[in-house]
Amino acid sequence: MTIAMLVINPFTHDTRVQKEAKALAHAGYDVTVYALHKPGLPTTETRDGYHIVRIAIRPHQWRINALRLLLRYLEFCLCVIHQLRRQQPIIIHAHDVNALIPAFLAARRTHASLIYDAHELWAERRAVLLQSTTLRRLLKAVEGLLARRAAAVITVNPSIAELLQQQYRLSTCPTVLMHCQEFANPTHNDILRQEFDIPPDQRIVIYPGLFTTGRGLEQLIAAAPYLDHAVIVLMGRDALNGQLQAQITTQGLERRVFVRQPVPPEEVLHYVASADIGVMPTQSIDLSYHYGAGNKLFHYMMAGIPAAVSDQPEKRRIVETYQIGAVFDQTDPQDIARVINKLLNDPETYAAISQRARQLARNQFNWQIESQKLLALYQQLIAPLNQEASHA
């Protein structure tokens with residue numbers, strides 16, 4: 001059974017797609033991920049049992065960025081549709097709206113079943129190209145039209161699933177496939193304490209992820225002076241051009257807030273397990289951020305550390321339902337510090353959260369369990385095809 005997945009990125013750090021492709025390949029499917037080529041990357045490779053094909057787009061010398069991006073997008077669409085017509089997959093699995101459009105066109109030409117995997121509320125993001133109200137409305141109209149024509153829709157949490165069903169009048173609620181990690185049982189370690197020479201009496205608050213607008217890192221840094229015997233470690237790729245380091249220096253917090261380069265995805269959990277508490281201070285700058293849950297919560301669970309998170313629907317639901325942390329007002333640095341201090345300064349509650357989080361990671365919130373939903377969905381879509389083949 002041949003499966004094609006589409007992503008419009010170089011496919012280097014897209015862990016959700018990597019896990020899905022791997023799970024399907026291990027279940028016996030012939031999986032190919034089509035992605036966008038980037039200089040320095042191979043055009044084809046095999047990883048974890050599935051194939052990767054990166055489509056090279058010719059450089060355009062246009063000065064208008066929006067026009068150049070549109071031309072690159074159209075060329076990618078044409079190239080990937082051509083390749084899919086040659087491959088003739090039985091299922092085409094599109095990741096996010098930008099991949100949904102060529103996936104839909106290719107599915108129509110190849111008579112393949114279409115799966116739409118919405119990683120977020122893509123058209124609701126506060127992105128440069130989505131500042132135009134007209135473009136945003138157009139994208140939402142296209143997303144709704146194509147999602148209704150897909151054989152199945154997948155998304156990342158119940159809140160977004162409900163919104164998608166209501167907004168686009170889907171006949172069934174999308175399948176929720178949470179962005180859990182493959183189960184691991186890391187031991188607490190001192191790697192961050194050793195790297196930054198953090199004294200034993202200082203607890204470590206960690207944020208592992210991209211440094212970008214809306215992640216609440218400015219508010220988190222501003223909370224540092226109010227923390228009781230605790231320091232903050234920010235670990236990730238800087239998309240803010242050094243603004244966070246400048247804030248740290250200006251406020252004299254060099255020994256209270258540390259910045260580290262990102263580590264490979266497979267090493268993130270080891271670093272998280274060297275912290276005492278995990279934090280997610282995401283700001284509600286758009287609906288996608290407001291309703292998202294991210295994957296950090298699942299890292300924190302596996303590491304057995306409490307989570308201090310923004311007061312937003314999915315984060316609150318997980319943290320309070322499963323009693324694995326606490327919620328703060330993400331706009332108020334003092335409240336962020338108050339909640340972190342409360343978690344760190346109550347040893348009995350801290351120990352109970354730690355034990356509960358590890359149990360949840362082992363028994364419920366891990367990819368080995370979550371991926372069974374994906375495999376069941378594929379079996380549901382393929383069963384009629386098998387019946388047709390047996391009667392042929």
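A pocket is an open set of grid points with protein on both sides within 12 Å along at least five of seven lines. The structure treated here is a predicted model.

**Exercise 1. Describe the second largest pocket by its volume, its lining and the elements that supply the lining.**

Solution. 
- Step 1. Start with the volume: the second largest pocket holds about 260 Å³ of space.
- Step 2. Turn to the lining, which is made of 15 residues; closest to the pocket centre are A151, A152, V153, S171 and T172.
- Step 3. Assign the lining to elements. At least two residues each come from helix 4, strand 7 (152–155) and helix 15 (367–391). Helix 15 gives the largest share, 3 residues.
- Step 4. Sort the lining by residue class: 10 are nonpolar, 4 polar and 1 charged.

**Exercise 2. Find how many cavities of 30 Å³ or more the whole structure has, and characterise the largest cavity.**

Solution. 
- Step 1. The search of the whole structure returns 1 cavity at that cut-off.
- Step 2. The space in the largest cavity amounts to about 40 Å³.
- Step 3. Its lining consists of E120, L121, W122, A123, E124, K140, E143, L164, Q167 and Y168.
- Step 4. Two or more of these residues come from each of helix 4 (133–149) and helix 5 (158–168). With 3 residues, helix 5 has the largest share of the lining.
- Step 5. By class, the lining of this cavity splits into 5 nonpolar, 1 polar and 4 charged residues.

**Exercise 3. Work through the salt bridges R16–E20, R47–E45 and R316–E320, giving the N to O distance and the exposure of the partners.**

Solution. 
- Step 1. For context, the model contains 13 salt bridges. The cut-off is a side-chain nitrogen of Lys or Arg within 4 Å of a carboxyl oxygen of Asp or Glu.
- Step 2. The side chains of R16 and E20 form a salt bridge at 3.4 Å. Both residues are buried. They are separated by about one helical turn, because they stand 4 residues apart in helix 1.
- Step 3. R47 pairs with E45, with 3.6 Å between the closest N and O atoms. R47 is partly exposed at 21% relative accessibility, and E45 is partly exposed at 25%.
- Step 4. R316 and E320 meet at 2.4 Å. Both belong to helix 12 (residues 313–321) and lie 4 residues apart, about one turn of the helix. R316 has a relative accessible area of 29% and is partly exposed; E320, at 43%, is likewise partly exposed.
- Step 5. Finally, look for shared partners: salt bridges join R16, E20 and D117 into one network. D117 is also among the residues that R16 touches.

Key: Residues numbered from 1 in each chain as written. Predicted model: local features only at pLDDT ≥ 70, side-chain atom pairs only at ≥ 80, totals over all residues. Heavy atoms only, no water. Contact = heavy atoms within 4.5 Å. 1 Å grid on protein atoms, 1.4 Å probe; cavity = no way out; pocket = protein on both sides within 12 Å on 5 of 7 lines; lining within 4 Å. Points joined across faces, edges and corners; volume = space filled by probe spheres on them. Nonpolar A, V, L, I, M, F, W, Y, C, P; charged D, E, K, R; others polar. Buried < 20%, exposed > 50% of the residue type's maximum accessible area, 1.4 Å probe, protein only. Lists of a residue's contacts leave out its neighbours within four places in sequence.
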